[in-house]
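Q: I have a model open and would like to go through it with you, piece by piece. Could you keep to what can be computed from the atoms?

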Amino acid sequence: MKNYAKTTGEPEKLIAAFQPANDVRLRGNADDIVRFPEEKQLLDDELWELFVNQYRLRSDSETNGWRGEFWGKMMRGGCMTYAVTKNVKLYNALLKSAKSMLSAQDELGRFSTYEQDKEFRGWDMWCRKYAMLGLEYFYDICKNQALKRKIVNALRKHADYIVKRVGNGKNKIPVTETSQNWGGMNSCSILEPFVKLYNLTGTPKYLNFAKYIVKTGFCKDFNVWKAALSDRPPYTYPQTKAYEMMSCFEGLLEYYIVTKEEQYLNAVVRFCELVAETDITIIGCAGCTDELFDNSAQKQTEQSDMHMQETCVTVMWMKLNYRLLSLTGESRYADRIERSALNALAGAMNTENQTMEKSEAHVWDGKLIFDRHEPYPFDSYSPLTVNRRGRRAGGYMRLQNGRSYGCCACIGSAGTAIAGLFAILCGQDGVYVNLYNTGAFTATVGGREVKLEISANLYRSDNVKIKIKGTGTFALGLRKPAWSDRFDVSVDGEKAVFEEKRGYAVLEREWSENIVLVKVNAKVKLHEQNGKIALTKGPYVLARDSAFFGDIAAPVNIAANAKNEVAAEAVQNISFPSEIALRVPTDSGHITVCDYASAGKRYDDDVCDITVWMPKK
Ligand SMILES: [Zn+2]
């Protein structure tokens, strides 16, 4: 294992491989993804205030609910989105809500949606985590120094209350006992904001509390991170809730960055590899059994009526990989982000403005009550075998004013923001391209500004054009995507020689208004597993949609060449909007497929089944 800690005098500091670019101006598909929640969600004043109000009403007390997660989750996504779009309206909405949240702290210092006599059970710690994270993410973009000081003071009071009552010792409750759910993994994920608070304040007791949580192993009677270190796949652990477990590892990575103790980085890296090997599916999510790790890498081909592939899992997977990408500079993490963003997450966006009238939501009030709910910007579950989208609102909670919200609806914007944040990153030696999508970017390399213009549309063309604006000597890193068996680079028409570093083709040279051309292979490819087949085109997964002609459950026989390439012809999609539609020949005629992200998006309709995996004839 490489040591990512680098010394820059005293005190020793850990330098991340990548920093965000200064200015990201995406166009086309990726821009649509990043901006989507801005108009659908993040400027909704009523929603922001409802989320804060849960803290004033302590509305989770009676039912051990999780309404308290909504504010911090949406604030985190809002701040990440602002980091890309720099939208002033968005900043003002976030500012207003952050101020409102500060006024919802109780006299004891708690940001809690539970009454004091019912605290530290259910999802209380989880919600307190999100209150902290929301404030910490806003702190990072806040332009008002006085407000920043107020935020830190509020966070201290909030954290001090917890540290006094949770932990080892007399009259304290162990963190794994602060929830009856998932072995307390949900509560243990408060690790991340505690490490962040230590970074903000330098106060040792917050790091000590983080150390205490790490020692618990994140779960009652089971050490999750030691299991990952010993190469045990997450789907075999006593608790397998994917989102909560990944949240703990995100905290562990922050803890490593502060402590620089290698075993923690190794645990996070191993955990991610194990998840990638055993649970990540073709669309870049995990869990085919509700929201649980369940060896989905294998199970994904099974016909199933379970709710599967939770959007919260997609986004947490993207977040964890984005942190590892930034820290290590290794391109495999960007490969995973690309897959999840363009397939699972883009597929969960309610781009067709569906009312979600067929989506199930239920609350427990002594008995199970089924509710109709408002349309959300993000759907919660993504089918892989014959089934429909928009089936159920995950993590559903009733609010006031006749409104409601769900966990996945709330987390989406953190994922869509990453589609912009990871596109171009700045290394020590130059600028690194992760996403081949049209856009203009400004990055700072060695104190100098570098401007890039990218023209790419992998739906239509295998060619990516990159215009380097300005002059100077620096490295241009180009991600070699795992889905392409071809990667040719030329500069001003001449074949370029590149060095391979951490999965990037790196061209280190003197630049002067050059044109770089990258040729990849984004042909349609056939994948076979467990007697089922699926199709992809470059980073995009393709799907059958019942709105097209033919029975999507019927077995098919598709011919492919030795490189698994399939002859497919682009056709116009007259049934619904899609990025691409393709006619693929079969032994008995043809089938039509489109990009998974556009398939099945009209889930108010009666007929809207889709499938990725097709039975092989
Ligand atoms: Zn969710």
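Q: What is the geometry of the site of the zinc ion, going by the angles among its four donor atoms?
A: The site is tetrahedral, with angles of 103 to 116° among the four donor atoms of the zinc ion; four donors count as tetrahedral if all angles lie between 85 and 135 degrees. Before going further, this is a predicted model, in which local features need pLDDT of at least 70 and side-chain atom pairs count only at pLDDT 80 or more, while totals for chains, interfaces and linings use all residues. Residues are numbered from 1 along each chain as its sequence is written, and side-chain values use heavy atoms, with hydrogens and water left out.

Q: Which residues are the protein donors of the zinc ion?
A: They are Glu-310 through OE, and Cys-312, Cys-407 and Cys-408 through SG, lying 2.1 to 2.3 Å from the zinc ion. Donors here are N, O and S atoms within 2.8 Å of the metal (3.2 Å for Na, K and Ca), and since water is not among the atoms, sites may look incomplete.

Q: What spacing do the donors follow along the chain?
A: The pattern is E-x1-C-x94-C-C.

Q: Are Glu-310 and Cys-312 buried or exposed?
A: Both Glu-310 and Cys-312 are buried, where buried means under 20% relative accessible area, exposed over 50%, and partly exposed in between (1.4 Å probe, protein chains only). Cys-407 counts as buried too, because its relative accessibility is 6%.

Q: OK, cysteines in general: how many disulfides does the count come to?
A: The count comes to zero disulfides, a disulfide being a pair of cysteine sulfur atoms within 2.5 Å. Cys-188, for instance, is in no disulfide, as the nearest cysteine sulfur, that of Cys-248, is 5.5 Å away. Cys-188 has 0% relative accessibility and therefore counts as buried.

Q: Changing topic, how does the radius of gyration of the protein chain sit against the value for a compact globule?
A: For 617 residues a compact globule would have a radius of gyration near 25 Å, and the protein chain has 24 Å, which agrees. The radius is taken over C-alpha atoms, and the globule rule is 2.2 Å times the number of residues to the power 0.38. Along the principal axes, the C-alpha atoms fill a box of roughly 70 × 60 × 50 Å, and 62% of the 617 residues count as buried.

Q: And how many helices and strands are there?
A: The protein chain has 16 helices and 27 strands; these are DSSP runs numbered from the N terminus, with helices (H or I) of at least four residues and strands (E) of at least two. Among contacts between residues at least 6 apart in sequence, 70% join residues at least 24 apart, contact meaning heavy atoms within 4.5 Å.

Q: Which residues of helix H8 are buried?
A: In H8, which covers residues 191–201, the buried residues are Leu-191, Glu-192, Pro-193, Phe-194, Val-195, Lys-196 and Leu-197. Their cover includes helix H5 (124–141), helix H6 (145–165) and helix H11 (242–259).

Q: What comes after H8?
A: H8 is followed by Gly-202, whose phi is positive, near 70°. Thr-203 is found in the loop between H8 and H9, and Thr-203 counts as buried because its relative accessible area is 16%. Leaving aside neighbours within four places in sequence, Thr-203 is in contact with Arg-156 and Tyr-198.

Q: Where does Ser-380 lie, and what is it in contact with?
A: Ser-380 lies in the loop between S6 and S7. Leaving aside neighbours within four places in sequence, its contacts include Glu-310 and Cys-408, and both of those residues are zinc donors. With a relative accessible area of 4%, Ser-380 is buried.

Q: What about Pro-377, where is that found?
A: Pro-377 is found in the loop between strand S6 (368–371) and strand S7 (397–398), and Pro-377 is buried, with a relative accessible area of 6%. Not counting residues up to four places away in sequence, Pro-377 touches several residues, including Phe-36, Met-349 and Tyr-405.

Q: Last one: is Asn-353 buried or exposed?
A: Asn-353 counts as exposed, because its relative accessibility is 52%. Its phi is near 50°, a positive value in a residue other than glycine, and Asn-353 is found in the loop between helix H15 (331–348) and strand S5 (361–364).

Conventions
Four donors count as tetrahedral if all angles lie between 85 and 135 degrees; four count as square planar and six as octahedral if opposite donors are over 155 degrees apart and all others between 65 and 115; anything else is irregular.
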